[in-house]
2 protein chains.
Amino acid sequence: MELHPLFEYIAKFTPLTEEEQSLLTSKVKIRKFLKGQFVVQNGDTCKYENFVLSGCLKTFYIDNDGQEHIVMFAVDNWWTADLGSFISQTPADFNVQCLENSVLAQIRFEDLQQLYLDIPKLERFFRIIIEKAYVSAQKRVINNFSLPAKERYLKFRDQYPQIEQRVPQYMIASYLGITKEFLSKIRNQLIMGK
Amino acid sequence: MELHPLFEYIAKFTPLTEEEQSLLTSKVKIRKFLKGQFVVQNGDTCKYENFVLSGCLKTFYIDNDGQEHIVMFAVDNWWTADLGSFISQTPADFNVQCLENSVLAQIRFEDLQQLYLDIPKLERFFRIIIEKAYVSAQKRVINNFSLPAKERYLKFRDQYPQIEQRVPQYMIASYLGITKEFLSKIRNQLIMGK
DNA sequence: TTCCTTTCTTAACCTGCTTCATTTTCCCCG
DNA sequence: CGGGGAAAATGAAGCAGGTTAAGAAAGGAA
C-alpha cells in the first residue's frame, strides 16, 4: 500500500502485473530513518538498493585529506545506494546519510538477483534506469570540465530546484566541487548582476 | 568467425548458446573504418552500439567556445557509442572518431530492442556492463573533484597503459580536463622528481 | 632527402578558486 | 525574549592550473 509510488515509478518504464507487484512487495522492506542516520557506511557492504518514498539523503565520501565530497543527493522517487559496492558486494567507498527523516523501500541484494529471474521485466527496468543514470553521470563529467562554477550552479539550480530548497548551501558547494565561500561569492554576483 | 572476441567477452558475464550466438551474429554487422572516420557525428542520431574488434577511437564534444573535450577512449573489446543519443534515439551531443583504422561490430538500435526480447540474457548482459560503466563514470566525477591533475594523470596511466601508448598527449590532456601545456609540465615534474 | 604538419616543450604572465580569519545572520531551545 | 551554535557572508592573500606565444622535435608525404 505504502509502496504505491514505487509501482507507479516502475510503471513509467514497464508496467507490472498484479502477481509481479505482490511478488515484489514480498521482497521489499519499508524502513524509516531519522535525520542524521546512515543508510550505507563506508567500509560496510551495501546490502540494499533503496527507493526513496519520502525524505532527502546525501551520498558522500571522505577523501585522503579528510574532506567531504557529495556525490549525489536523493529525494522522493529516487534510487540511492553505493552501486559499486552493491553490485560487487564489496566494502563501500561511500556513505549515504539522511538529511531529513526519510522512508525508504529497500531491496536486498540476494532478493534482487532472484527477482531478476522471476520478473524479467525488472531486469529491463533496471537496465533502463541505469542507462539514464550513466548518461547523466557522463554529462556531469563534461560539465565539470567545460563550465565554470557559476554556470554549473545555475544548471544545478534549474535542474534540481526541489533540492536547492532542502539542503544547506555548503552541501551544494560540495556537490558542485567548490568551496562554500566561493559559492557564496557566486550567489552574491548573481544578485548584484541582476 | 570474426566475432569471436565479442562472444568471448559476453561469455565472461553470461554464456550464450549456439542458437543465441547465431541469432546475434545475424544482427551484427562488421564494419571497417579508416583513421579519421566518424562513427557518430554530433547532430545525427546514434544508430549503433559498437563493439571494438580492433583499433582505437575517441568520443568527444565541442563546447560553446569551440574547445574539444574528450569524453572517453575505446580500444579492443570496449563498447562505444553516444549512449544518450542511442537509448533515446535523439540527436547526438558527441562525436565518435577513429584514431586508428578500426574494425567494429555494430548492432542497430531496432535490432537490439528485438534481441532483448529474443535473448533475455542480453538484457542482463547490458544491464551488468552499464552498471559497471556507471560506477566508473561516478568514480571519474569524484577523482576530478578530489585529486589534483598530477594524480589524475598517474591514475589514468596505470589504469589504461594501453591507451597512453596509442594516443597523442594532447588528447590525454583533454581527457584529463587540462591543457596540453600543463600536462607537459606535469610530465616534466615527474621525470625531474624521480 | 626536403618540406610541411602535427605534437611536445618552455617560460612569463594571468585568473578562478582556495584558505583562513572574521563577522553577520539565522534559528532553535531554555 | 534572549543566548548559543550552526550556517552564510565577507575580505585578504596565496596557489593550482590556464593562457599565450614561440620554438624544438617528430612524423609523413613526395
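Author: Two strands pair if DSSP finds at least two bridges between them. Helices (H or I, at least four residues) and strands (E, at least two) are DSSP runs, numbered from the N terminus. This is a predicted model: local features need pLDDT of at least 70, side-chain atom pairs count only at pLDDT 80 or more, and totals for chains, interfaces and linings use all residues. Residues are numbered from 1 along each chain as its sequence is written, while chains are lettered from A and ligands numbered from 1 in the order in which they are written.

Reader: Which residue stands opposite K58(B)?

Author: Strand β4 of chain B covers residues 56–62 and pairs with β5(B). The pairing is antiparallel, over seven bridges. In β5(B), the residue opposite K58(B) is F73(B).

Reader: Which strands stand at the edges of the open sheet in chain B?

Author: The sheet has four strands in the order β2-β7-β4-β5, with antiparallel pairing. An edge strand has a single partner, so one of its sides is left without a neighbour in the sheet. In chain B these are β2 (38–40) and β5 (68–75).

Reader: At what angle does α5 of chain A run to β5(B)?

Author: Axes are lines fitted to C-alpha atoms, for helices over the stretch in contact, and angles run from 0 to 180 degrees between N-to-C directions. Contact between two residues means C-beta atoms, placed from the backbone, within 7 Å. Helix α5 (residues 120–146) of chain A lies across β4 and β5 of chain B, and its angle to β5(B) is about 140°.

Reader: Which element gives the largest share of the side of chain B that touches chain A?

Author: In the interface, 28 residues of chain B are in contact with 27 residues of chain A. The elements of chain B that give two or more residues to this side are β5, α3 (83–88) and α5 (120–146). The largest share, 18 residues, comes from α5(B).

Reader: Through what surface do the copies meet?

Author: Of the interface residues of chain B, 96% are also interface residues in chain A. The copies therefore meet through the same surface.

Reader: Which element gives the most to the surface near DNA strand C?

Author: Near means that a residue's C-beta atom, placed from the backbone, lies within 6 Å of the molecule or strand. Of the 15 residues around DNA strand C, I178(A), T179(A), F182(A), Q169(B) and S184(B) come nearest. Two or more residues come from each of α9 (180–193) of chain A and α8 (169–176) and α9 (180–193) of chain B. The most, six residues, come from α9(B).

Reader: And which element gives the most near DNA strand D?

Author: There are 13 residues around DNA strand D, and P168(A), Q169(A), P148(B), I178(B) and F182(B) come nearest. The elements with two or more residues there are α8 (169–176) and α9 of chain A, together with α9 of chain B. With four residues, the element that gives the most is α9(A).
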